[in-house]
Amino acid sequence: MWGDGAGGVVERVGTPLAPTRRGHRRNAISSTDEYEETVTVSTTPDRAFFDKHMEYLFSGDLDGLFESQYRDDAILIVPAVSEGEPPSIVPRAQFKEFFGAFLDYYGELNVDSLDHFVALDDSIFFQAMVSSPKAGRWVMGEAWHMIDGKIDRQYDYVHKLD
Amino acid sequence: MSTTFGQKFFDVHMEYIRNNDIDGMIDDQYTQDAILISPFDILPTPPPHVVRGNQALKDFFRKYIDWQGHIDVEKLYNFAELDDSINFMAIFSANTGRWVVGDEWHLVEGKIDRHYSFAHKLV
């Protein structure tokens, strides 16, 4: 039913554990006859792209992050974290201000788990459980749509848990 | 009343789901080679699932709708759109529990070519 027939295929993707802020990870692999397997390991370019992203973010090197991983016409779509506020559509020119506000809002941010990591040729997707003394516990997700190895659209998902 | 392309597209999407017209939804709103990334644990192997192509999307969505059963949307929020993107979040209750979800659609020529689906079970 889900095999590689004329209409398409469903893949099972190995789920790496990510990183704490120090960038540790693991990888899980399984196989069945029915699913085309894709193994995502920490040494793949896409996983390296993710790891580098986190390294830039947590070291505060925002200029490096923007220069190396985002296109000049990149746009972020970010849900509001406060009830009743509209989502933000953030063009590249406003990234520095936005990311600065993000880091200020959460303060010391711990990635408690990384879930559902997927890397495609043109996309990176993940969810994470995060916590900080300042902002509490959150479930977050990001999807990066990429062109020529750089992010052109970033879609965020956030929900406060307590 | 729908006023933008994104709102109309979203409304049509929901109408397809209400009518359980999964084939119509996939044929009309997804490219033939569209890819869905889903965190929902509805297949024999654990998520995330990468669902590729027209027929696999139809099969997956039918299974998903059956798995959720009746869906009561409590809140629809954070709707945003660009020329090539539609995003929203929702909180709903279903047979499987209460969920906060986010759907991010990347579009090419007015059809979804990448569907990123986020989900967290609240209860």
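## Helices α2 and α3 of chain B

The model described here is predicted. In chain B, α2(B) packs against helix α3, residues 54–68, at an angle of about 140°, and the two axes are 9 Å apart. The helices α2(B) and α3(B) are therefore oblique to each other.

The crossing of α2(B) and α3(B) is right-handed. On the side of α2(B), the contact is made by B:Ile22, B:Asp23 and B:Ile26, and on the side of α3(B) by B:Asn54, B:Leu57, B:Lys58, B:Phe61, B:Arg62 and B:Ile65. By class, the residues of this contact between α2(B) and α3(B) divide into five nonpolar, one polar and three charged.

## Helices α1 and α2 of chain B

Helix α2(B), residues 22–29, also packs with helix α1(B), residues 5–18. The angle for this pair is about 155°, and the axes are 8 Å apart. The helices α1(B) and α2(B) are therefore roughly antiparallel to each other. Their crossing is left-handed.

From α1(B), the residues B:His13, B:Tyr16 and B:Ile17 meet B:Gly24, B:Met25 and B:Gln29 of α2(B). The contact of α1(B) with α2(B) comprises three nonpolar and three polar residues, with no charged residues.

A further residue of helix α2 in chain B is B:Asp28. Is B:Asp28 buried, partly exposed or exposed? It has 13 C-beta neighbours inside 10 Å and therefore counts as partly exposed. The C-alpha atom of B:Asp28 is separated by 9.8 Å from that of B:Gly110, although these residues are 82 apart along the chain.

## Chain B as a whole

Chain B contains three helices and six strands. Along the sequence these elements follow the pattern α-α-β-β-α-β-β-β-β. The radius of gyration of chain B is 14 Å, close to the 14 Å given by the globule rule for 123 residues, so the chain is as compact as a globular protein of that length. Its C-alpha trace spans about 35 × 30 × 25 Å along the principal axes.

Of the 123 residues of chain B, 40% count as buried. Among the contacts in chain B between residues at least 6 apart in sequence, 39% join residues at least 24 apart.

## Chain A as a whole

Chain A has three helices and eight strands. Their order along the sequence is β-β-α-α-β-β-α-β-β-β-β. In this chain of 162 residues, 30% are buried. Of the contacts in chain A with a separation of 6 or more, 47% are between residues 24 or more positions apart.

## Strand β5 of chain A

The residue A:Ser113 has its place in strand β5 of chain A. It counts as partly exposed because it has 13 C-beta neighbours inside 10 Å. Leaving aside residues up to four places away in sequence, A:Ser113 touches A:Ala128 and A:Met129. The C-alpha atoms of A:Ser113 and A:Gln127 are separated by 8.4 Å, and the two residues are 14 apart along the chain.

Strand β5 of chain A, residues 110–119, also holds A:His116. With 22 C-beta neighbours inside 10 Å, A:His116 counts as buried, because the cut-off for a buried residue is 20 or more. The backbone of this residue is considered in the next section.

## Backbone features

Most residues other than glycine have a negative phi, and most peptide bonds are trans. A:His116 is not a glycine, yet its phi is positive, at about 65°. A:Asp148 likewise is a residue other than glycine with a positive phi, in this case near 50°. Where does A:Asp148 lie? It is in the loop between β7 (136–147) and β8 (150–160) of chain A. As A:Asp148 has 7 C-beta neighbours inside 10 Å, it counts as exposed.

In chain B, the peptide bond that joins B:Pro47 and B:Pro48 is cis, with omega about 10°. B:Pro48 belongs to the loop between β1 (30–38) and β2 (49–52) of that chain.

Key. Residues numbered from 1 in each chain as written. Chains lettered and ligands numbered in written order. Predicted model: local features only at pLDDT ≥ 70, side-chain atom pairs only at ≥ 80, totals over all residues. Axes fitted to C-alpha atoms, helices over the stretch in contact; angles between N-to-C directions. Helix = DSSP H or I, 4+ residues; strand = E, 2+ residues; numbered from the N terminus. Parallel < 35°, antiparallel > 145°, perpendicular 65-115°, else oblique. Left-handed = near helix turned anticlockwise from the far one by under 90°. Contact = placed C-beta atoms within 7 Å. Nonpolar A, V, L, I, M, F, W, Y, C, P; charged D, E, K, R; others polar. Rg over C-alpha atoms; globule rule 2.2 N^0.38 Å. Buried ≥ 20, exposed ≤ 12 C-beta atoms within 10 Å, placed from the backbone.
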